Amino acid sequence: MALGAFFLYGTGQEWHRLIYEHGLTIATNLFGTTYYSLVGLHAFHVTAGLILLSIVLLFGLAGRVGREQSARIEVLSLYWHFVDAVWVIVFTVVYVLGR
């Protein structure tokens, strides 16, 4: 969860710098469109995952998570790891190939 929050913070800082210091917006060029679309979609999914993980954490701390929720938590875990794996692809496309 901490790494997801750090990703969102870093993305916000990067977007602020790119927009206000470099003038790169979604309408600037194909790279701007691709960058904001890919990273923004990923950031949306990270946000959704963090909200769901926070809910599970709160229920867990309240002692309301039992065996009957294990399948749901496993699905959330798979979602979170999928979002993590997608970042490898997004990073490669945007930061390695996009340069």
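1. The largest pocket in this predicted model has a volume of about 220 Å³. Its lining is made up of Met1, Leu3, Gly4, Phe7, His42, Val46, Trp80, Val83, Asp84 and Trp87.

2. Which helices supply the lining of the largest pocket? Helix 1, helix 2 and helix 3 each supply at least two residues of that lining. Helix 3 gives the most, with four residues.

3. By class, the lining of the largest pocket holds seven nonpolar residues, two polar and one charged. Among the lining residues are Trp80, Asp84 and Trp87, and these lie within the range of helix 3, residues 70–97.

4. The helix packing can be read pair by pair. Two packed helices are described by the angle between their axes and by the distance between those axes.

5. Helix 1 (residues 2–20) packs with helix 2 at an angle of about 150°, and the two axes are 10 Å apart. Because angles over 145 degrees count as roughly antiparallel, helix 1 is roughly antiparallel to helix 2. The crossing of this pair is left-handed.

6. Helix 2 covers residues 30–61 and helix 3 covers residues 70–97; they pack at an angle of about 160°, with axes 10 Å apart. Helix 2 is therefore roughly antiparallel to helix 3. Helix 2 passes helix 3 in a left-handed crossing.

7. What classes of residue form the contact of helix 2 with helix 3? There are 21 nonpolar residues and three polar ones, and no charged residues. The lining of the largest pocket, for its part, includes one charged residue.

8. On confidence, the chain averages a pLDDT of 95, and 100% of the residues score at least 70. Where in the chain is confidence lowest, and where is it highest? The lowest mean, 94, belongs to helix 3, and the highest, 97, belongs to helix 1. Helix 3 is also the element that gives the most residues to the lining of the largest pocket.

Terms used: Residues numbered from 1 in each chain as written. Predicted model: local features only at pLDDT ≥ 70, side-chain atom pairs only at ≥ 80, totals over all residues. Heavy atoms only, no water. Axes fitted to C-alpha atoms, helices over the stretch in contact; angles between N-to-C directions. Parallel < 35°, antiparallel > 145°, perpendicular 65-115°, else oblique. Left-handed = near helix turned anticlockwise from the far one by under 90°. Nonpolar A, V, L, I, M, F, W, Y, C, P; charged D, E, K, R; others polar. pLDDT = per-residue confidence, 0-100. 1 Å grid on protein atoms, 1.4 Å probe; cavity = no way out; pocket = protein on both sides within 12 Å on 5 of 7 lines; lining within 4 Å. Points joined across faces, edges and corners; volume = space filled by probe spheres on them.
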